[in-house]
Amino acid sequence: MGCYNSIVINSDADKVWNVLKNFHDLSWSKNVVTKVEIVGSVSSNNIGSKRILNDAFHETLLSVDNVGKKFTYSIDDGPTVVSKENVVGYIGEVTVFPVTENNTSFVLWTSKWDSAKESGVADFCNPIYHALLQDLKSHFA
């Protein structure tokens, strides 16, 4: 069970990572994220940082690896299909890889979960991740 989405970005990995690593700033995704509510006092790059996206997705930053250009987060609650009543153990992971041939980046956005009472989690989430990655690509165009 999981989601897999990827894209090549026309910018070097350090620049892409510098945009993505700020857990509280999704201003680069104007077509998907209309509101980010910061929850609590943990800063945006620290484990335990929390946010609510579009008044719907409650997420927590679980790990940050600046050397490996990767972070993981949980969806703690959300719309019915990813709600805490339906999904157990939802973990998303975003990784930026350098493409050395032409100084671009490969961004991989995956997610997995332990179980879901109802099917359709991947069908719901994959289009969202695809759209987020398209916005990210446009941000660097």
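**Reading the labels in a predicted model**

Author: G89 lies in the loop between β6 (87–88) and β7. The model is predicted.

Reader: Why is G89 called partly exposed?

Author: The relative accessible area of G89 is 32%. Buried means under 20%, and exposed means over 50%. The value for G89 falls in between, so G89 counts as partly exposed.

Reader: Which residues does G89 touch, leaving out those up to four places away in sequence?

Author: G89 touches K112, W113 and D114. Contact here means heavy atoms within 4.5 Å.

Reader: How far is G89 from N126 in space?

Author: Their C-alpha atoms are 17 Å apart, and the two residues are 37 apart in sequence.

Reader: Next, S115. Which strand holds S115?

Author: S115 belongs to β9, residues 115–116.

Reader: What makes S115 partly exposed?

Author: Its relative accessibility is 33%. That lies between the 20% and 50% limits, so S115 is neither buried nor exposed, but partly exposed.

Reader: What does S115 contact, apart from neighbours within four places in sequence?

Author: S115 is in contact with M1, N86, V87 and V88. V88 is 27 residues away along the chain, yet the C-alpha atoms of S115 and V88 are separated by 5.3 Å.

Reader: Now the loop between β3 and β4. What is the phi of N54, a residue in that loop?

Author: Phi of N54 is near 50°, a positive value in a residue other than glycine. β3 covers residues 50–53.

Reader: And what is the phi of D55?

Author: Phi of D55 is near 55°, again positive in a residue other than glycine. D55 also lies in the loop between β3 and β4.

Reader: Why is N54 called partly exposed, and why is D55 called exposed?

Author: N54 has 26% relative accessibility, so N54 falls between the 20% and 50% limits and is partly exposed. D55 has 54%, which is over 50%, so D55 counts as exposed.

Reader: On to helix α1. Which of its residues are buried?

Author: Helix α1 spans residues 13–20. Its buried residues are A13, V16, W17, V19 and L20.

Reader: How do you know that the buried residues of α1 line one face of the helix?

Author: Look down the axis of α1. The buried residues fall within an arc of 160°, so they line one face. An α-helix has 3.6 residues a turn, so residues three or four places apart point the same way.

Reader: What covers the buried residues of α1?

Author: The cover includes β1 (2–9), β4 (57–65), β5 (70–77), β7 (91–99), β8 (104–112) and α2 (121–139).

Reader: Step back to the chain. How many helices and strands does the chain have?

Author: Two helices and nine strands. Their order along the sequence is β-α-β-β-β-β-β-β-β-β-α.

Reader: What makes the chain as compact as a globular protein of that length?

Author: The globule rule gives 14 Å for 141 residues. The radius of gyration is 15 Å, close to that value, so the chain is as compact as a globular protein of that length. The C-alpha atoms fill a box of roughly 45 × 35 × 25 Å along the principal axes.

Reader: What share of the residues counts as buried?

Author: Of the 141 residues, 43% are buried. The accessible surface is about 7300 Å², with 51% belonging to carbon and sulfur atoms.

Reader: And what share of contacts joins residues at least 24 apart?

Author: Of the contacts between residues at least 6 apart in sequence, 53% do.

Terms used. Residues are numbered from 1 along each chain as its sequence is written. This is a predicted model: local features need pLDDT of at least 70, side-chain atom pairs count only at pLDDT 80 or more; totals for chains, interfaces and linings use all residues. Side-chain values use heavy atoms; hydrogens and water are left out. Helices (H or I, at least four residues) and strands (E, at least two) are DSSP runs, numbered from the N terminus. The radius of gyration is taken over C-alpha atoms; the globule rule is 2.2 Å times the number of residues to the power 0.38. Buried means under 20% relative accessible area, exposed over 50%, partly exposed in between (1.4 Å probe, protein chains only). Accessible areas come from the Shrake-Rupley method with a 1.4 Å probe; for residues, only the protein chains shown count as cover. The arc is that of the directions from the helix axis to the C-beta atoms.
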